[in-house]
Amino acid sequence: MASLTFDGVGKTYFDGTIAVANASLAVADGEFVVLVGPSGCGKSTLLRLAAGLEELTTGSVLLGGVDVSRSGPRQRDVAMVFQNYALYPHMTVFQNMAFGLQQRHMPKPEIARQVGEVARTLGLAHYLDRKPGALSGGQRQRVAMGRAIVRRPAAFLMDEPLSNLDAKLRVQMRAELKLLTTRLGVTTLYVTHDQVEAMTMGDRVAVLKPVGSASECNLQQVDTPQTLYSRPANLFVAGFVGSPAMNLLRVRLSVEGGELVAECVGAELRFMVPAEVRAERPGLVRCADHEVIMGIRPEAFRVAEDAPLLTPEVLVAEALGSDTFVFFDLGPTALIGPEAEDPVASVVAPRLTARLAPDRTPRHGDRIPLAVDLAQVHWFAADTGVAIR
């Protein structure tokens, strides 16, 4: 096993498209790191750069401390699992899993031993004589993983390996995959567009976004799942991590009688910022007389019959058994506008969501009294989208 390091990596294609810019990321030996982000953010390109399937434009890739930037795929001790399985349809499960070992001219008894061992681990021992066409999607995915595992590579590279599975099997397989990589202790770089998958599987998660110039950087924040959720570095991360997404509102701060007051732009929502919040985020006081962006997670709302902060009209209520999602509006100008130059417009939904206990399921048109846990509210600069600390 070995560490995997990207040092100032960039990839620009011949037509000028910038896929990756200024990406620096260190995956420790045995660590499971997930790359997550919307389409076009460069996550699959980073994976292909690590595998040697794409050539670097700038920077370097190191495997176990050795620069492999100019080495071909065959010279890199990595194994890649693709989204579409990439199995040989004319070969049996055993032959698919043994193919890499045969290319290394390993003795047949040793190949049989290693393939059998991995097949038992993955629950494939009874399917070794079958061909991929006779297997289910989950079984084919396990064969693709087994082919990678049996090689005992220095690092695993996985490109959305669970995206072709149905929802129930995907949940089951991501638990099995996490358990398996933990047991093997193998360095793993995993790509997904599903932020729930990223948060449940990664030791650390790297959030990426598309870039428009070589001076930008795809990587927005790299941290543990809980830190990404509780302390997002900017609006992009805040809007991407969490389901349902964070509610984002324009707020104007002012100082009145020694208190910091927040007033929502375009809506009847006004409150004093608690002293403990001001102490934790001293940058808020410096933003007095300016607009900022306030972020409220859906679960920060609660029903409050006494002194509610707001009493919106319910548009839609979704009862999910364990939770109830309530959707409502505050006002057409309360949210960030659609102007193209607005750096945060693309991450704001036009509707707010509250996540409430299942025993409260209001109907369309009801008025529901809501309070907000202000200690859980997030604050961002309106011009740059960077978190205010």
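**View 1. Strand β3 has buried side chains on both of its sides.** F32, V34 and V36 point one way from β3, V33 and L35 point the other way, and all are buried. The view comes from a predicted model. In a regular strand, side chains alternate between the two faces of the sheet. Strand β3 covers residues 32–36, and because 5 of its 5 residues are buried, the strand is largely enclosed by the rest of the structure.

**View 2. Strand β3 pairs with strands β8 and β9.** Strand β8 spans residues 187–192 and runs parallel to β3, with 5 bridges joining the two. In this pairing L35 stands opposite V191 of β8. Strand β9, residues 204–208, is also parallel to β3 and is joined to it by 4 bridges.

View 3. Side chains of opposite charge can pair when their charged atoms come close. E117 is partly exposed, at 31% relative accessibility. R113 is partly exposed as well, with a relative accessible area of 41%.

**View 4. E117 and R113 belong to a network of salt bridges.** The network links E110, R113, E117 and R152. In the whole model the count comes to 15 salt bridges.

**View 5. R231 and E280 meet in a salt bridge.** The N to O distance for this pair is 4.0 Å. R231 lies in the loop between α7 (225–230) and α8 (235–240), and E280 lies in helix α9 (residues 275–280), so the pair ties together parts that are 49 residues apart in sequence. R231 has a relative accessible area of 39% and is therefore partly exposed.

**View 6. R270 and E263 also meet through their side chains.** Their salt bridge has an N to O distance of 3.7 Å. Is R270 buried, partly exposed or exposed? R270 counts as partly exposed, because its relative accessibility is 44%. E263 is partly exposed too, at 41% relative accessibility.

Technical notes:
Residues are numbered from 1 along each chain as its sequence is written. This is a predicted model: local features need pLDDT of at least 70, side-chain atom pairs count only at pLDDT 80 or more; totals for chains, interfaces and linings use all residues. Side-chain values use heavy atoms; hydrogens and water are left out. Buried means under 20% relative accessible area, exposed over 50%, partly exposed in between (1.4 Å probe, protein chains only). Two strands pair if DSSP finds at least two bridges between them.
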